[in-house]
Structure formats: C-alpha cells, structure tokens
Amino acid sequence: MASSLVSSPTSSFLKKIAFHKCKKQVSKKIVSVMAPQQSERKTYTTGSVKTGMTMTEKILARASEKQQLNPGDNVWVNVDILMTHDVCGPGSIGIFKKEFGEKAKANPDYKGVCHVALAQEGHCRPGEVLLGTDSHTCTAGAFGQFATGIGNTDAGFVLGTGKVLLKVPPTLRFVMDGEMPHYLLAKDLILQIIGEISVAGATYKSMEFVGTTVESLNMEERMTLCNMVVEAGGKNGVVPADSTTFKYLEDKTSVPYEPVYSDAQASFLSEYRFDISKLEPLVAKPHSPDNRALARECKDVKIDRVYIGSCTGGKTEDFLAAAKVFLASGKKVKVPTFLVPATQKVWMDIYTLPVPGSGGKTCSQIFEEAGCDTPASPSCGACLGGPKDTYARMNEPKVCVSTTNRNFPGRMGHKEGQIYLASPYTAAASALTGYVTDPREFLC
C-alpha cells in the first residue's frame, strides 16, 4: 500500500537527543471524503523472516522485549510512566517513573489537569509507554508514545510490578494533507474524523495521524487531535515525532528517548485520507461527539453560554485562539463565557503572554474587554459535571458551546442540557453572537 510516511531507522541516544527525520512522500491522490483502503500484510527478509510493524506495534514490542508483535498478541509490557490523579486528588498528578514497587514515589504538588501537565512537566517522550487512570491519557500520543487509560486495579498492579498485560491493537491510519485554513483548528480535524467513523469506529484500535497537515500542527494542537481518539473508541492515538516534538522537549526533559516510526511495509487495518484545505469549521451537536455538522448549518441555534477549558480545549494555544477572535471582533460577548485554564502554567500564560497582533495585550486583558468571566483556577471544571457548586456547571437545561470532549446527556451537569462541541475559534465566535457561529465571520 502506498504510504505517506516512510519508516525511519531508530538509533540509540547517549547523552543528547538526536533529531530523527523520516522521509515522507505525499500521496498525489487525495480526496475530501474518507475512503478506507485495505491491504495484505507484506513481509521482508533480513536474516530471520520479519513483518513490517506500525508505530504502536514497535513501541509495545520494545517495551515487552519482543522482536515482533502482531495485532491481537497479548504481552506483558514494561511501563515507563504511570499517572494517577486519584492518588493526589482530582486534576493532580501522581507520577511513578521506572522505579515501581517499594521505590515508587508520588508527586503531590497540584499542577492542574493531568493530561496537559504531563506534557508541560516533560513526562511525554517519544517511544515510551505512558499509562494513566483516566480515559484521556491518550492525549500523550501526540509525542509519538503509546499512551492509554487504565483502571485503578491495573494501576495498582503497575505500581507494584512496573508491568501491565496488554493486547496489541490493530492500527487505523489517518492521512491529512493540504494547507490548514486559517479558520480551522485541530478540534475541527478530530470532529471530522469521529463524524466519519462514529464513536465506535476505532474500538480497541490505534489511530495513527500523519500527513503534511499534521506535520504543520504545533504540539498542543497535536495533543487535541490525540485527546479525542477515545471518543471514537480508540485504544490510543499517535503522531510521529519530528523536529516540532524535539524542540518542544528541549527545555522540558533531560531523559534520553528513542522515537520509532511505522515501517513502509506495515499493515494498517484501514487507511483514510483527507484534503484538509477543503474542510470547514465543525461542531458536534447533542448528544454525541459523532453528531457532526458544519458550524454554519447551526447558525439559528440560540445558545445560553460558552465554555472554554478542559484537557481538550483549555491549553495555552486554545486561549490564544479564542483571544484572537475577540480581538478581531472588537465586540463584547452576548452570553456568559467561562474560561477554565487546564493548568497553573496555562493560567500564568493567560496573564503574561502577549497575543500576536494585539500590541502587547495579554489574553486576560482581551477577555476582560470582551466581557468574559475572569479566568477560573485551573481544574477540569464543568467538563465532567461534578457537584452542583462546580464552577460553570449547567444546573439548568441550557445550551452551551464548549471546547470540551463529550456532549452526552448530563455530561456538564443537567441531563437536559445541550452541548455543542467546537473549536476555540467557533466557541469564541458563538459567544460574540449568542448563536452557534462560523468563526469566518470574524476571521478574515
């Protein structure tokens, strides 16, 4: 099968992290609608007979000390990082690295939403295995590592032994090419994919994201992409590590790491292709992440509030994007607009980083001028509903445009509430009009 990503040989890292580049060949045939392609697994011989492997298969093979793994194999995997927020309180991180058993140590310091803090603290590294006691642990796959959520019982076993029993998932490959329009964000890309394959379309499968569009995304946007693979039923999401990945990690970790890449002859269960240049801003209507619609098709939907936050849409880049829309409009919001940064670092960025093109204004200044609520303390906030006194929780049957990840009945509080999942661009634009709004109305 033709592939847009050619395998790159791995090498050992000694004292410094080498920058690995993989050769890429952009397919000449790209369509705007996904088209599954099937192929048979090919073999090649170099001494003993081997079969090409995907990124996920390679990572798990190395972690289980196996030369070859195939989808469906059950293997004991050595875990590099275990994250458990249950140990340290909601949103905190308990980091257990390498030294499990009696030597395991927790990090009790409150950082904020674990999935974003893990990356900021340098715990997301290419080629490693990261497990966490939350379904959105798959966010870390943006760094070219295997990352997935597990239950507390499995976490206890990992804590004691440093190992976990995993079944190797088959891989779906998503090739996204074309120049990313200035009015789109990664949230639009993943809503498009989930809308195509459904919330069960990737059940216990790995989702690998490649292509020129993916390569153009910054790390936080790649995190958004991988964050919502679980909303498609995926076991994990993964993006090949590249210079963008390595640069992000330069000042965050001194731990050596070794990225891996899918072999050219690797077998994918299905391959889907998109021309992203033709994509429009999207939303997921109530009450499912796969209930996809164009934002402009929902322009008559009156809303009561907007929520910008969570592990999906509460990162620094998400708030910069929202501020860009508010700045371009010069108007005030027409509905309550709640801002919940994911971590303490994001909260600081909101108050200190200048927004490009603003003349030095910070996000907090722009949000204040637009009439938004004051940014709240870092937390998961109303994303998962919570007690009735949770900040921004929907205690009445209201309509909300949200940058979060799920819109099932009762997800943000009231069981009759209606949640429209959207990008920070679309959320900010909707706040300005009081209706679900295509951000192109404000982004020229």
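Okay, before anything else, one definition: contact means heavy atoms within 4.5 Å of each other. We'll also need axes, which are lines fitted to C-alpha atoms, for helices over the stretch in contact, with angles running from 0 to 180 degrees between N-to-C directions.

Now, what you see above is a predicted model, where local features need pLDDT of at least 70 and side-chain atom pairs count only at pLDDT 80 or more, while totals for chains, interfaces and linings use all residues. Residues are numbered from 1 along each chain as its sequence is written, and side-chain values use heavy atoms, with hydrogens and water left out.

Let's start with the whole chain. There are 13 helices and 18 strands; these are DSSP runs numbered from the N terminus, with helices being H or I of at least four residues and strands E of at least two. Of the 444 residues, 59% count as buried. Buried here is under 20% relative accessible area, exposed is over 50%, and partly exposed is in between, using a 1.4 Å probe and protein chains only. And if you take contacts between residues at least 6 apart in sequence, 71% of them join residues at least 24 apart.

On to the sheets. In one of them, 6 strands run in the order β14-β13-β18-β17-β15-β16, as an open sheet with mixed pairing. Two strands pair, by the way, if DSSP finds at least two bridges between them. Which strands stand at the edges? They are β14 (292-294) and β16 (337-340), and each has a single partner strand, so one side of each is left without a neighbour in the sheet. From one strand to the next, the twist averages 25°.

Let's walk through some of the pairs. β13 (residues 282-284) and β18 (residues 418-422) are antiparallel, over 2 bridges, and Ala 284 has Leu 421 in β18 as its bridge partner. β15 (residues 305-309) and β16, on the other hand, pair in the parallel sense over 4 bridges. Look for Tyr 307 there, opposite Phe 338 in β16. β16 is also covered on both faces: Thr 337 and Leu 339 on one side, Phe 338 and Val 340 on the other, all buried.

Is Ala 382 buried or exposed? Its relative accessibility is 0%, so Ala 382 counts as buried. Leaving aside its neighbours within four places in sequence, Ala 382 touches Tyr 307, Thr 390, Tyr 391, Ala 392, Arg 393, Arg 411 and Met 412. Ala 382 and Met 394 are 12 residues apart in sequence, with 7.7 Å from C-alpha to C-alpha.

α5 lies across β13, β14, β17 (399-402) and β18, at about 55° to β13. α5 (residues 186-197) also packs with α7 (residues 219-227) at an angle of about 20°, the axes being 8 Å apart. That makes α5 roughly parallel to α7; the cut-offs are under 35 degrees for roughly parallel, over 145 for roughly antiparallel, 65 to 115 for roughly perpendicular, and oblique for the rest. Who meets whom? Ala 186, Lys 187, Leu 189 and Ile 190 in α5 meet Glu 221, Thr 224 and Leu 225 in α7. By class, that contact has 4 nonpolar, 1 polar and 2 charged residues. For the classes, Ala, Val, Leu, Ile, Met, Phe, Trp, Tyr, Cys and Pro are nonpolar, Asp, Glu, Lys and Arg are charged, and the others, Gly among them, are polar.

Now for another helix pair. α10 (residues 316-329) and α12 pack at about 45°, with axes 9 Å apart, and that makes α10 oblique to α12. From α10 the contact uses Phe 319, Leu 320, Ala 322, Ala 323, Phe 326 and Leu 327, and from α12 Cys 363, Ile 366, Phe 367 and Ala 370. How do these residues divide? There are 10 nonpolar, no polar and no charged.

Last stop, another open sheet: 4 strands, in the order β11-β10-β9-β12, with parallel pairing. β11 (236-238) and β12 (270-275) are the edge strands, each pairing on one side only. β9 (residues 171-177) and β12 pair over 6 bridges, and there you'll find Asp 177 opposite Asp 275.
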